[in-house]
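The sequence and the model come next.

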Amino acid sequence: MTTHPRGVLAPTRRAFLLSTAALALIGTLPGVSFGAEPVQGGTLTVNIGNEPPVLVLIAHTAGQSVYLSSKVTEGLLTYDFDFNPKPLLATEWDVAEDGLRYHFKLREGVKWHDGQDFTADDVAYSIQALKDNHPRGRATFAQVKTINVLGPHEIELLLEKPSPFLITALASSESPIVPKHLYEGTDPATNPNNIAPVGTGPFIFKEWVRGSHVLYERNPNYWDAPKPYLDKLVYRFITDPAASVAAIETGEVLLTVGANIPFTDIARLQASPTLGFETRGFGYGNGITRAEFNFDNKFLADPKVRVAIAHAVDKNFIANTVYLGHAKVLNGPVNPALAKFFTPDLPVYEFDPAKAEAILDEAGYPRGGDGTRFTLNIDPTQPAGAPRQSAEYIAQALDKVGIKTTVRTQDYAAFVKRVYTDRDFDIALEGMSNLFDPTVGIQRLYWSKNFKPGVPFSNGAHYQSAETDRLLEAAAVEPDAKKRFDLFVDFQKQVVADLPALDLVAPDSFVIFDKRVVNHTLGAEGFGSNGADIYLAS
Amino acid sequence: MSSLPRIARALRRTVLQAIPTVIGIVILNFFLLQLAPGDAADAMAAEAGSATEETMAAMRERFGLNLPMLDQLLTYLNNLAHFSLGYSPRYSMPVSDLIGQRLPGTLTLMAMALAIALLIGLTLGSLMAAFAGRLPDRLISIFSLLFYSVPGFWIGLMLIVLFSVTLGWLPSGGSGTIGSDLSGWAGIVDKARYMVLPATSLALFYVAIYARLTRAAMLEVRNQDFVRTAYAKGLSPAVVTVKHILRNALIPITTMAGMHVGGMLGGAVVVETVYSWPGLGRLAFEAVMGRDYTVLLGILLLSSLLVILANAVVDILQTWLDPRIGEL
């Protein structure tokens with residue numbers, strides 16, 4: 001491990017290079033999009049579908065909150081589309097070659113919205129709070145052994161083992177930096193700041209009228225003046241899909257993200273000359289749809305049955321008919337958008353019902369008198385929409401090869417209890433997020449040590465493979481990017497061969513925006529960034 | 001006999017009956033909600049998309065879900081005895097504040113919808129009765145049946161498509177211009193613009209009921225002796241219709257309207273969802289999906305109180321409309 005004298009900035013090899021380059025880049029960004037000067041003023045009204053539970057993600061990971069938390073409460077870093085870090089609250093950073101020391105220089109002269117100074121103490125408190133309370137922070141910061149405040153604007157993290165994903169986890173919505181003076185001595189999960197936040201960000205919290213809207217206003221003292229450009233930022237929660245579309249068409253909402261827009265309406269909206277569609281900027285989500293098999297079911301415990309099911313299901317049908325083409329077919333557990341870890345080089349179970357039947361016959365499950373080999377249930381996450389329709393298609397596809405399959409529906413809480421607590425399921429049709437790194441987003445689904453009944457989004461299949469465990473554990477602490485990629489390729493091949501889950505499609509995510517809204521998606525965080533660059537073109 | 005003592009007696013009886021009714025409702029609903037699979041921690045984790053053993057345990061402790069079920073009920077009842085509806089960890093605020101935020105919007109929407117429904121329903125019903133069996137009666141009958149049978153969300157969406165998307169006259173959803181500092185008359189007009197479509201969508205279903213009821217009641221009353229007497233006294237047909245026929249026909253309508261108050265309070269979920277109206281119906285729905293029983297019990301408690309209140313008002317109204325009621 002590297003050691004450095006306390007209180008002295010260690011001017012190491014790569015110390016300032018990255019950050020200076022990034023600063024130069026970010027300076028040019030606002031002008032890049034249309035070559036126009038940003039315009040000050042205006043109100044941006046956004047529809048995010050469901051109402052978020054909190055406005056600060058210090059102890060929560062709710063998807064809808066991502067779009068709100070980051071605007072008020074910033075993180076240490078922001079990222080371009082390839083996850084290369086760029087400065088935000090940290091101006092310079094340096095990771096020791098052995099991956100065990102992270103050193104940050106923090107931005108000076110930054111003030112919280114209540115007038116207090118932002119210092120390294122806030123960062124130290126926040127990282128500890130994330131480690132103790134955040135549903136993912138517990139894993140992300142698990143190896144952080146010591147947090148040393150080296151000066152008012154300087155901090156280092158000392159790690160037990162390398163955590164190669166840590167540097168991508170410092171985004172505003174993933175690891176927000178909260179004011180220590182408002183949190184210290186309280187339970188971060190229930191702190192009142194979570195619903196009326198004070199941050200360092202470009203927008204100041206004004207009001208949250210439950211069931212109606214959240215209103216943010218421009219921070220006139222923002223550290224990156226003259227940003228932000230917008231005067232007001234309004235978030236609305238339109239849950240009804242048709243009403244969401246109507247709000248886009250009337251122009252009442254200028255940007256829609258995370259809301260439920262029917263696929264049948266998308267083609268019509270795409271034809272509108274005033275609307276734009278952005279599919280990038282979901283780097284912290286990377287959702288996929290998969291059918292997870294319960295290994296505690298005696299039929300599904302047989303690998304031949306799982307292979308037969310893989311041959312019986314036409315993923316292209318799901319992509320084209322259920323998602324109307326707004327999804328990419330998957331051959332493995334990694335969303336192609338997670339480009340650093342995606343490999344196209346995986347074996348494919350081609351759609352071939354006759355082959356599926358042959359495998360089932362050979363495995364000793366002949367069709368009975370009524371044509372049925374055995375029966376299964378399939379439970380989609382949601383009682384309506386694409387998950388339900390995908391489940392219905394799979395049930396029909398399995399019926400055709402003699403596996404009589406019943407679709408059962410329930411609301412989300414009941415689904416979670418059924419699959420992860422009661423384990424009363426055969427096939428679970430799930431939407432899962434790859435997140436920003438496989439160790440954080442994918443390992444949890446396959447690691448045998450994460451078979452934990454009662455914990456949602458764990459290893460629900462009860463899949464156990466020593467080789468998979470070895471690859472995951474090695475990749476989690478491998479600082480070398482190339483070696484780590486190779487480990488994840490081997491991992492993908494292993495789970496595609498073992499089939500604890502059949503990966504189906506990666507649905508497209510959209511930001512639907514009025515073309516006057518500029519700079520809403522500038523990197524991997526998309527609209528989950530701090531929004532300082534967004535402006536309304538006149 | 002003066003009507004005051006009768007009204008006082010009716011009120012006392014209502015209050016005495018209300019207390020056990022409300023406690024019964026709370027306990028019954030508490031156990032009903034326990035039957036739903038999954039708890040608030042499951043729902044929160046589902047929403048978050050990530051969880052660990054520690055976060056699940058911390059959430060259960062925060063919600064009091066680690067306590068035995070009876071203890072949870074006793075804690076809740078104890079809170080109620082201290083006039084507290086409890087605290088919702090999911091919304092990070094006291095339940096009474098949460099409901100208080102939504103109550104004014106819900107009540108105004110309900111009042112406006114009920115007013116529209118009664119006004120149009122009574123007018124159409126009177127017209128139908130006046131032209132019973134003839135063409136206007138048939139036509140209005142068809143229209144009211146149409147609105148009765150078409151689902152509320154579809155009417156709501158069609159109104160949005162017509163008045164918001166195509167014509168651009170009215171906003172498609174919400175309950176006021178956000179961030180505007182309108183006050184006084186301009187503020188009221190702004191709120192009213194947002195309320196027209198949801199109130200109309202909510203009212204149309206009830207219009208049909210009131211129109212049919214008014215028609216039937218008026219036809220029945222029209223043939224009674226006191227109507228003939230009124231005509232014989234030389235009163236004009238309009239006065240007879242309004243003061244003698246309609247007033248007596250109002251008894252069944254007020255009874256129904258009183259019952260509908262409860263239905264509209266919690267049952268406006270569909271209209272509230274279509275118009276993103278921050279109402280109690282949606283809050284109740286979200287509370288069920290989130291398994292947040294403190295919020296749901298708070299709403300159900302309030303709804304039951306409001307239903308009891310509405311019934312009391314109807315009782316009083318009816319003793320005024322028909323002095324024979326409540327004499328025994």
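What follows goes from confidence to fold, core and interface.

Q: How are residues and chains labelled, and what kind of model is this?
A: Residues count from 1 along each chain as its sequence is written, while chains are lettered from A and ligands numbered from 1 in the order in which they are written. This is a predicted model, where local features need pLDDT of at least 70, side-chain atom pairs count only at pLDDT 80 or more, and totals for chains, interfaces and linings use all residues.

Q: What is the mean pLDDT of chain A?
A: pLDDT is the predictor's confidence in each residue, from 0 to 100. For chain A the mean is 91, and 93% of its residues reach 70 or more. Over residues 1-34 of chain A, pLDDT stays under 50.

Q: How many helices and strands does chain B have?
A: Helices (H or I, at least four residues) and strands (E, at least two) are DSSP runs, numbered from the N terminus. Chain B has 13 helices and 2 strands.

Q: Which residues have the most contacts inside the largest nonpolar core?
A: Such a core is a set of buried Ala, Val, Leu, Ile, Met, Phe, Trp, Tyr and Cys residues joined through C-beta atoms within 7 Å; buried means 20 or more other C-beta atoms within 10 Å of a residue's own. Here the largest has 235 residues, with B:Val207 and B:Ile299 having the most contacts inside it. Helix α8 (residues 184-222) of chain B gives the most to this core, 17 residues.

Q: How many residues of chain B are in contact with chain A?
A: Contact requires C-beta atoms, placed from the backbone, within 7 Å. By that rule, 49 residues of chain B meet 47 residues of chain A.

Conventions
Contact = placed C-beta atoms within 7 Å. Buried ≥ 20, exposed ≤ 12 C-beta atoms within 10 Å, placed from the backbone.
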